[in-house]
Amino acid sequence: MASKAIGFVASNPLGRFDSESITCRAKVMVSIVRCSVPLSSNGPSIGLAERPWKTSDARLVLEDGSIWKAKSFGASGTQVGEVVFNTALTGYQEILTDPSYAGQFVLMTTPHIGNTGVNLDDEESKQCFLAGLVIRSLSISTSNWRCAEPLGDYLAKRNIMGIYDVDTRAITRRLREDGSLIGVLSTEESKTDEELLDLSRSWEIVGVDLISGVSCKSPYEWIDKTILDWDFNSNRRAGETYRVVAYDFGIKQNILRRLASYGCKITVVPSTWPASETLKLKPDGVLFSNGPGDPSAVPYAVETVKNILGRVPVFGICMGHQLLGQALGGKTYKMKFGHHGGNHPVRNLRTGHVEISSQNHNYAVDPATLPEGVELTHVNLNDGSCAGLAYPAKKIMSLQYHPEASPGPHDSDYAFRDFIKLMNHEKVKA
């Protein structure tokens, strides 16, 4: 049957055949449409001036000499920063307001950003500290019941630059191969590529104190707990109140909310607050918070940590963890491209459990340089780096990731409970 059909088509190339006295003929209709655009006698065609789409108007110039054309949103101008990639699938507003990103361009590996807009509840601080945002595709509309304004308007009001329609996959591959790179983002046509390249190669972030620019300027009391709609662990709270002093190296508000929800009365102090003043407050415990940059660039903070160790229970998170490592005599090092994202697997060596963690750091503690008695409690399963420490003799616990961020969603919240137990143990002893 099939062979007959093929033979029939071959013998009737024009589609004409006779079967049972029926004749079929193929007819083709051709239409010609003429388009014309009126030309202005006073200038060029209005067609180009009134295009409904945005054209490339920004450049990202990396220190390796590569130049990436893009489209801008948010603020305009020229900005320099360290380019890092973040693998989180969501939570871009928390990333924008995390002070730990000060001095950095954050490249999102998730291609579609902005579809939920921004809202009033997901802020981690009172402003945006990052240098800029780099994304593949900017949502042209928002769809979320909590949305207060579009992402572009939000960034423009806060003077933060953003670019889109850039090959984020190619840039990410380059960062993975070569490590974090300094870049310059510009919308200014007057600046040449060579000028921007020179700027990227003359700017430094290693050895720079970024903490002082994000820390609070004076002490304040924090009392807000986790909103009941989001509080998943309220039945596990201790009835007693614990007095905690939290050093603000770039602290995230949700860390403070979780501590308050566990029964802590919190005084937040600046990064330069003397240890002697902290001890005068007679706290049950001290929190050393997350923060941006190189821990070796803030020796004053390391000295503060040293003067508190052994006096009261302490809990270090991210930058606080690194400062504890240095205060104990250990060394920190700059990672190739760091850990940035909400999907990093971490093994708790005490329990054997694996947690999905949120991380944001370019530096890590070398556990081989720590003194005897310090216990490695957590390990990052992606690269085996140190993700947590404990030193029972000095009443110390620390994590290299954010236990409040809930990507797991609640894998790591036990850390706050462990801090409560550490403080309670000391209270009972006293």
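The model is predicted, with local features requiring pLDDT of at least 70 and side-chain atom pairs counted only at pLDDT 80 or more, whereas totals for chains, interfaces and linings use all residues. Residues are numbered from 1 along each chain as its sequence is written, and side-chain values use heavy atoms, with hydrogens and water left out.

A nonpolar core is taken as a set of buried Ala, Val, Leu, Ile, Met, Phe, Trp, Tyr and Cys residues joined through side-chain atoms within 4.5 Å; buried means under 20% relative accessible area (1.4 Å probe, protein chains only). The largest such core comprises 29 residues, and Leu259, Cys264, Ile266, Leu287 and Phe315 have the most contacts inside it. Two or more residues each come from strands E13 (242–247), E14 (264–269), E16 (314–317) and E21 (396–399) and from helices H7 (253–261) and H11 (414–429). Helices (H or I, at least four residues) and strands (E, at least two) are DSSP runs, numbered from the N terminus. H11 gives the most to this core, 6 residues. Beyond its neighbours within four places in sequence, Leu259 is in contact with Cys264, Ile266, Leu287, Phe416 and Phe419 (contact: heavy atoms within 4.5 Å).

The largest pocket holds about 1200 Å³ of space. Its lining numbers 45 residues, with Glu94, Asp122, Glu124, Asn254 and Ala405 nearest the centre. At least two lining residues come from each of helix H3 (92–96), H7, strand E17 (331–348) and strand E18 (354–366).

The whole structure contains 2 cavities of 30 Å³ or more. About 150 Å³ of space lies in the largest cavity. This cavity is lined by 20 residues, of which Ser100, Pro292, Gly293, Asn362 and Tyr363 are closest to its centre. Helix H10 (319–327), E17 and E18 each give two or more residues to this lining, and E18 provides the largest share, 4 residues. The second largest cavity has a volume of about 30 Å³; among its lining residues are Ile356, Pro403, His410 and Asp413.

Methods:
Buried means under 20% relative accessible area, exposed over 50%, partly exposed in between (1.4 Å probe, protein chains only). On a 1 Å grid over the protein atoms alone, a cavity is a set of points where a 1.4 Å probe fits but cannot get out, and a pocket is an open set with protein on both sides within 12 Å along at least five of seven lines; lining residues have an atom within 4 Å of a point. Grid points are joined across faces, edges and corners, and a volume is the space filled by probe spheres set on the points.
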